[in-house]
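Biologist: I would like to go through a structure feature by feature, with the general idea before the particular case. Where do we start?

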Amino acid sequence: MLKIVSLYAKNPLSPAPTSKKGKKGNKVDFEDNSLLNAGSDSDDDTSSKEDKLGNFETEQLISAITKITDLLRKCWGVAGAGIVSANLAREEDGQTAVFNPCVPGKSVYALFAFCGIKGFDHQLRALQGEIMDLINDVASVLHKEVYRWGFGDSGQCNKNLGANFLMVFRIGDVGEVKAKRDRARDVIFDPRRATKGKATAYRRKHGVKTIGAGGNTSVFSARSTVVAAKPKEVSNKQDPKDSLSLASLPGISTFTDRAVIGMLKTYAGIYRDQKLLNWKNDFRLGAGVGAFSVDMIFGMDAGWAVEGAVGSEYKIDATYLSPHVNMASRMMSACKQYGVSILLSQAVGELLSEIGKKKLRHLDTVTVKGSSIKQRIYTYDARHKGVDFFLHERTEDQADIDAEQYTSSIWETDPDLRAMRQHVTDDFVEKFNAGRQEYLAGKWPSAIIYLKAADEIMVQNIIDQGYFDDELNDDNPEGIEVLEVNVRNEMGDGPSRRLISVMEQEEGIAPPDWKGYRPLTSK
């Protein structure tokens with residue numbers, strides 16, 4: 001039992017140990033049963049029964065500890081691991097100390113994603129208590145994709161706030177990440193490597209021999225002793241969180257690609273999950289005509305946060321506190337302004353692989369509330385209208401293999417990613433980019449022309465692809481007009497219309513103090 005407690009004290013996120021006894025459902029691993037089985041050969045039947053009863057009680061205690069820790073792991077996630085670990089290992093005067101949930105926080109690096117259910121207020125009023133079923137159906141898809149696509153076990157759901165979920169792709173503790181980055185840099189840029197050729201020439205000229213692996217010493221082993229440098233100390237003059245560029249971390253593009261793909265796979269998943277599709281037929285939500293669908297929006301940012309517990313001895317929440325968490329929330333909310341499903345901050349966009357970057361669309365350059373730093377915001381164009389995601393459905397095992405075999409070429413080959421972006425054409429991208437550049441340059445009259453042309457290309461492309469064919473009634477002579485209205489209202493390009501609206505509010509002329517960006521005032 002003490003081994004179980006010790007295991008979780010060191011790492012509360014470790015999986016529950018499995019049984020060596022083969023009992024179904026028993027997750028306890030007894031590495032040494034000698035103490036539990038002591039006295040089993042005794043001739044005293046009463047003693048034997050007592051020992052067996054003691055063994056049973058011990059097993060139950062171990063099982064209870066395992067289940068409680070597993071529950072805490074699921075309730076608090078990565079952010080609460082420190083609480084569990086600190087309290088299991090906490091002692092005062094050689095005795096276990098009183099439970100203290102409010103342990104000090106620690107700084108970490110991570111990618112943060114806020115995911116929201118659109119139209120939640122209407123759903124809450126219509127479903128009342130059954131809204132929990134809808135939220136859990138969404139969570140089932142979201143959690144599965146985040147855990148699947150998060151690098152290693154980095155993808156975690158931190159908390160739910162009604163309509164919104166905070167997902168965290170944890171890179172690591174600030175000190176740990178910096179130390180690993182420095183070690184990798186020292187190996188790659190070891191100054192001794194530059195003198196390797198000179199050292200070899202010297203040995204050849206002077207006949208110096210090295211002793212191989214079978215000898216007591218060698219040049220390599222001696223050099224290895226020197227390579228073990230002391231960890232570099234961070235200057236007190238600079239906040240260590242701000243002294244590291246995440247882009248400098250080896251493998252960060254793979255880490256970021258997988259996190260963003262996890263969000264996009266969730267987007268595809270909600271439109272082919274049968275439980276979520278069944279809500280379409282709920283009379284309370286769609287008036288019985290199938291007009292309702294579960295829709296989601298996503299916002300992401302990257303940076304540091306303080307990970308820990310907030311609350312008191314009565315109630316605590318394991319969470320992340322950071323301007324980057326707030327930025328992810330603002331990115332999610334701004335999706336409504338631009339009419340898109342996902343918004344990525346500049347910090348996330350810069351960390352993607354080169355192929356991933358090419359798939360993003362730079363929508364605008366803004367500042368957000370509480371910050372004077374301008375930044376680009378990006379989207380991955382994703383539409384579900386006219387896409388049958390069931391055609392690209394994979395089994396759970398196949399989906400797991402896809403994630404395990406990730407390469408950056410997935411941006412070009414994955415059926416889901418290609419299908420949700422099939423409405424985007426090269427001529428549309430060309431017109432939009434030209435309009436956005438004119439807008440940022442303050443040339444608003446020409447920007448409006450370009451952006452209206454981009455919006456028209458989008459509308460015409462959707463008509464040509466027949467996204468609304470099922471809604472046409474051949475017997476209704478006004479069907480074509482209805483189609484045109486629906487397409488222009490629902491399927492035009494949201495970002496183009498948003499920028500046009502911003503400029504038309506100023507009568508199409510850039511203000512004299514225009515600096516190429518604007519404040520994103522609304523959340």
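Modeller: A salt bridge is a side-chain nitrogen of Lys or Arg within 4 Å of a carboxyl oxygen of Asp or Glu. Keep in mind that this is a predicted model.

Biologist: How many salt bridges does the structure hold?

Modeller: It holds 22 salt bridges. One of them pairs Arg284 with Glu130, and their closest N and O atoms are 3.1 Å apart. The partners come from distant parts of the chain, 154 residues apart: Arg284 is in helix α12 (residues 283–286), Glu130 in the loop between α4 and α5.

Biologist: How exposed is Arg284, and how exposed is Glu130?

Modeller: Arg284 is partly exposed, with a relative accessible area of 35%. Glu130 also counts as partly exposed, at 35% relative accessibility.

Biologist: What does the salt bridge between Glu396 and Lys144 tie together?

Modeller: In that pair the closest N and O atoms are 3.3 Å apart. Glu396 is partly exposed, with a relative accessible area of 41%, and Lys144 is partly exposed at 32%.

Biologist: What about Arg258, and which residues does Arg258 touch?

Modeller: Arg258 is found in helix α10 as well. Arg258 is buried without a salt bridge, and the nearest side chain of opposite charge, Glu404, is 7.8 Å away. With residues up to four places away in sequence not counted, Arg258 touches Arg148, Trp149, Gly150, Phe151, Ala403 and Tyr406.

Biologist: How should I read the nonpolar interior?

Modeller: In soluble globular proteins, nonpolar side chains tend to be buried together. Here the largest nonpolar core has 66 residues, and those touching the most other members are Phe165, Met167, Met263, Met300, Leu344, Trp411 and Met420. Helix α10 gives the most to this core, with 10 residues. Apart from it lies another core, of 42 residues, among them Val108, Ala305, Leu363 and Ile448.

Biologist: Which residues does Met167 touch?

Modeller: Among the contacts of Met167 are Leu111, Phe112, Leu142, Val146 and Met263, not counting residues up to four places away in sequence.

Biologist: Now a single helix. How many residues of α13 are buried?

Modeller: First its form: helix α13 (residues 323–338) has 16 residues and reaches 22 Å from its first C-alpha to its last, close to the 22 Å expected at 1.5 Å a residue. Of the 16 residues, 13 are buried, so α13 is largely enclosed by the rest of the structure. At its start, a side-chain oxygen of Ser322 reaches to within 2.9 Å of the backbone nitrogen of His324. Just after α13, Gly339 takes a positive phi of about 65°.

Biologist: Where does Gln128 lie, and where does Glu507 lie?

Modeller: Both have a bearing on backbone angles. Gln128 is not a glycine, yet has a positive phi of about 55°. Gln128 lies in the loop between α4 (120–127) and α5 (131–149), and is exposed, with a relative accessible area of 53%. Glu507, not a glycine either, has a positive phi of about 60°. Glu507 lies in the loop between α22 (494–504) and β11 (518–520), and counts as exposed at 74% relative accessibility.

Notes:
Residues are numbered from 1 along each chain as its sequence is written. This is a predicted model: local features need pLDDT of at least 70, side-chain atom pairs count only at pLDDT 80 or more; totals for chains, interfaces and linings use all residues. Side-chain values use heavy atoms; hydrogens and water are left out. Helices (H or I, at least four residues) and strands (E, at least two) are DSSP runs, numbered from the N terminus. The expected span of a helix is 1.5 Å times one less than its number of residues. Buried means under 20% relative accessible area, exposed over 50%, partly exposed in between (1.4 Å probe, protein chains only). A polar contact is a pair of N or O atoms within 3.5 Å; within protein, one must be able to donate a hydrogen and the other to accept it, and residues adjacent in sequence count only if both atoms are side-chain atoms. A nonpolar core is a set of buried Ala, Val, Leu, Ile, Met, Phe, Trp, Tyr and Cys residues joined through side-chain atoms within 4.5 Å. Contact means heavy atoms within 4.5 Å. Lys and Arg count as positive and Asp and Glu as negative; His and the chain ends are not counted.
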